[in-house]
Amino acid sequence: MTSLWHPFDAADRHNEDVARRPTYRNVLRFRQRRQEVATPKIAVVLSGGGNRGVAQVGMLRALVEAGVRPDVVVGTSVGSLNGAALARDPTPAGIDELQAVWLGLSRERLFADGRMTRAWRLASRANHLWSNEGLAAVIDTFGVVEFSELAVPLRVIATDLASGAEAVFAAGPLKPALLASCGLPGLYPPIEHDGRMLVDGGVVNNVPVSHALAGPIDQVYVCDTSADLEIKLPRSAIEVILRSFAIARQGRAQRDQERYGADPRVTFLPRIPDRRRPFDFSGATALIDAGYSAARDFLAARPPAAATASG
């Protein structure tokens with residue numbers, strides 16, 4: 001009877017008595033390795049959108065419950081905040097913590113400076129109207145200092161105020177990158193970081209799908225909560241600035257939607273209507289629930305091979 005263990009084939013026969021595994025086992029292991037290599041690589045992209053970013057919490061919950069665990073997260077502006085939370089803990093518990101943060105947000109917390117302070121800044125030719133201390137406090141609740149501490153790689157998009165180019169951060173201190181990405185021009189102060197003066201990433205790339213597709217990615221899920229133009233007309237000078245900002249971004253957003261909407265790798269989750277004004281943080285629970293329900297139903301309606309992205 002032939003043994004299942006064979007001597008190595010060696011000219012000098014030194015390994016003649018050394019047992020090795022039969023060929024069929026090696027083939028099995030090779031197939032297993034090939035299956036591991038074939039596991040889809042997933043990216044989650046989160047747009048800017050200010051207070052409308054609350055709907056992304058529900059979208060992310062639906063993705064996590066569907067078994068989607070990203071290999072990379074890419075975020076701009078408020079999407080970088082939500083993206084950092086997802087990259088820190090891509091589990092239902094992590095989404096619970098992110099939801100608790102959003103339910104605690106208010107205009108008073110994020111834009112606390114009074115009229116006199118803002119008037120003084122205007123008179124003194126300051127480069128912003130509000131301090132970003134409230135935003136910095138929100139970032140501190142994540143308890144993450146460096147990008148390297150995150151469970152999933154994160155890409156944060158900001159804008160170089162000198163060159164107008166995109167600035168992408170994936171390493172180093174997390175807080176200044178997030179403050180820069182969320183730095184609404186004129187409202188929050190520009191951030192000096194990595195030798196550059198930086199403002200909101202939404203100025204140049206509000207829905208950064210391009211950065212997700214720059215790597216070896218098989219599937220991209222996009223949570224787009226960009227402001228649309230169906231909201232009420234602005235009432236204040238600040239709202240006029242924000243409305244103009246949204247109009248300027250809309251051109252690229254439409255082009256990107258047309259470009260990537262036909263890409264089989266890219267899935268845009270359903271957008272959620274939000275009629276609130278820019279500084280209104282009320283109704284967060286309802287918008288989170290709406291984002292969750294729409295994304296859950298959308299994912300459930302997709303073919304199993306497409307809906308299951310985590311491998």
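**Before you start**

Number residues from 1 along each chain as its sequence is written. Because the model is predicted, local features need pLDDT of at least 70 and side-chain atom pairs count only at pLDDT 80 or more, while totals for chains, interfaces and linings use all residues; side-chain values use heavy atoms, with hydrogens and water left out.

**Stop 1: the aromatic cluster**

Select Phe111, Trp130, Tyr188 and Phe279, which ring pairs link into a cluster. The structure holds 4 aromatic pairs. Rings of Phe, Tyr and Trp (its six-membered ring) pair if their centres lie within 6.5 Å, with planes under 30 degrees apart counted as stacked, over 60 as edge-to-face and the rest as tilted.

Centre the view on Phe111 and Trp130: their ring centres are 5.2 Å apart and their planes stand at 75°, so this pair is edge-to-face. Phe111 sits in the loop between α5 (107-110) and α6 (115-123), and Trp130 in the loop between α6 and α7 (133-140), so the pair ties together parts that are 19 residues apart in sequence. Helices (H or I, at least four residues) and strands (E, at least two) are DSSP runs, numbered from the N terminus.

Buried means under 20% relative accessible area, exposed over 50% and partly exposed in between (1.4 Å probe, protein chains only).

The rings of Phe111 and Tyr188 have centres 5.3 Å apart and planes at 5°, so they are stacked. Tyr188 lies in the loop between α8 (174-181) and β7 (191-193), so its pair with Phe111 ties together parts that are 77 residues apart in sequence. Tyr188 is buried too.

Finish here with Arg107, whose charged end sits over the ring of Phe279, 4.6 Å from its centre. The criterion is NZ of Lys or CZ of Arg within 6 Å of the ring centre and within 35 degrees of the ring normal.

**Stop 2: the cavities**

On a 1 Å grid over the protein atoms alone, a cavity is a set of points where a 1.4 Å probe fits but cannot get out; a pocket is an open set with protein on both sides within 12 Å along at least five of seven lines; lining residues have an atom within 4 Å of a point. Grid points are joined across faces, edges and corners, and a volume is the space filled by probe spheres set on the points.

To find its centre, select Gly49, Gly50, Asn51, Leu184 and Pro278, the closest of its 36 lining residues. The largest share of that lining, 6 residues, comes from α10, which spans 237-261.

Next, select Leu81, Asn82, Leu98, Val101, Trp102, Leu105, Val138 and Phe142 to outline the second largest cavity, with a volume of about 50 Å³.

**Stop 3: the pockets**

Which residues lie nearest the centre of the largest pocket? Select Asp224, Ser226, Gln250, Ala253 and Arg271, among 15 lining residues. The volume of this pocket is about 250 Å³, and α10 gives the largest share of its lining, 7 residues.

End at the second largest pocket, of about 180 Å³; its lining includes Lys41, Asp71, Arg155 and His211. Both β4 (72-76) and α9 (209-213) supply at least two of the lining residues.
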